[in-house]
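Please open the model in a viewer and keep the selection tool at hand.

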Amino acid sequence: MKVNLAGVELNNPVMTASGTFGSGMEFAELLDLNRLGAVVTKGVASVPWPGNPTPRIAETAGGMLNAIGLQNPGIETFVERDLRFLEAYPETRVIVNVCGKTTEEYLDVVERLADEKRVDLLEINISCPNVKEGGIAFGQDPRAVEAITRAVKERARQPVIMKLSPNVTDITVMARAAEAGGADAISLINTLTGMKFDINRRTFALANRTGGLSGPAIHPIAVRMVYQAAHAVSIPVIGMGGIASAEDAIEFLMAGATAVSVGTANFHNPAVTLEIIEGIRDYMERFGFDEVAQIRLEE
């Protein structure tokens, strides 16, 4: 079940998706974090972010919309509280999700984490608005993707995963741009932009009007994008988007992902990650596979 992700060995290919698991504190009461391949933390910025006004979550058919706005306590509180907590779980790898509004804000966090031994990899969320570029998200411009990837790689001491936005015309262009910038791996997909109305209150369901759609509804789209990205680059791909079962996760592995991240399903089934790990193990035994990479569908 072990997999190698950008030079870091994970005990299995199943990790949590950023923003759905905190840093594992609440879930540690319900499952053994050491059994996970990795814990991917909620996004952390150089300074505290208050997030968006409420309401910021709305249920949809087959999923949910969220407009949390990357609320977080800032890097100093994160290091002293979250990373210290995770020291009690040495068997799982720790991937810190980094967010920012400018390149400089990303780099501040990357440099602060450089000497933190509990941080195994960095996941750079480039779906944040780029304030200096007139609100265009980093992840929607291949030149911006390559530029910020290169800047992060110059400062980072841990391997760098670039988290890609699906709100683009061609995901392979963004994947190749991240690879050209020196990314050690990519992860996808982040949420799809959506909207919902409350027809009885005659208003928007979210105060932010738009939000990120996640859950089973986006799974087929995510599988397609992961397949395209995995066949466009030579670096590892982490697949995510609507995983609620081992079968869902195995689809991503067949599509070419090295590992998978489980997100929205954690909210209604806190043990889903462990169930997926066991399901993948059973699948490998059934087909006689000796390693996870053999699940990939060879063409």
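**Stop 1: the second largest pocket**

By class, seven nonpolar, eight polar and four charged residues form the lining of the second largest pocket; here Ala, Val, Leu, Ile, Met, Phe, Trp, Tyr, Cys and Pro count as nonpolar, Asp, Glu, Lys and Arg as charged, and the others, Gly among them, as polar. The model is a predicted one, in which local features need pLDDT of at least 70 and side-chain atom pairs count only at pLDDT 80 or more, while totals for chains, interfaces and linings use all residues. Residues are numbered from 1 along each chain as its sequence is written, and side-chain values use heavy atoms, with hydrogens and water left out.

Select Gly22, Ser23, Lys42, Arg81 and Asp82, which lie nearest the centre of this pocket among its 19 lining residues. A pocket is an open set of points on a 1 Å grid over the protein atoms alone, where a 1.4 Å probe fits, with protein on both sides within 12 Å along at least five of seven lines; lining residues have an atom within 4 Å of a point. The space in the second largest pocket is about 330 Å³, a volume being the space filled by probe spheres set on the points. Helix α1 (residues 75–86) gives the most to the lining, with three residues; helices (H or I, at least four residues) and strands (E, at least two) are DSSP runs, numbered from the N terminus.

**Stop 2: helix α2**

Select residues 103–112, helix α2, and highlight Tyr106, Leu107, Val109 and Val110, which are buried (under 20% relative accessible area, with exposed over 50% and partly exposed in between; 1.4 Å probe, protein chains only). Viewed down the axis of α2, these buried residues fall within an arc of 160 degrees, so they line one face of the helix; the arc is that of the directions from the helix axis to the C-beta atoms. An α-helix has 3.6 residues a turn, so residues three or four places apart point the same way. The buried residues of α2 pack against α1, β7 (93–98), β8 (121–125) and α3 (142–155), contact meaning heavy atoms within 4.5 Å.

**Stop 3**

Move to Glu146 in helix α3, which is partly exposed at a relative accessible area of 26%. Beyond residues up to four places away in sequence, Glu146 touches Ala177, Ala180 and Gly181. Next select helix α4 (residues 171–180), whose buried residues include Ile171, Met174 and Ala177. The buried residues of α4 pack against α3, β9 (160–163), β10 and α5 (219–230). Just after α4, Gly182 takes a positive phi of about 105 degrees.

**Stop 4: Ser187**

Which strand holds Ser187? Ser187 is in strand β10 (residues 185–188), and at 0% relative accessibility it counts as buried. Display its side chain together with that of Glu123: the two make a polar contact of 2.7 Å (a pair of N or O atoms within 3.5 Å; within protein, one must be able to donate a hydrogen and the other to accept it, and residues adjacent in sequence count only if both atoms are side-chain atoms).

**Stop 5: helix α6**

Finish at residues 246–255, helix α6, where Asp248 lies. Asp248 counts as buried at 17% relative accessibility, whereas Met254 counts as partly exposed at 28%. The C-alpha atoms of Met254 and Ala293, 39 residues apart along the chain, are separated by 8.7 Å.
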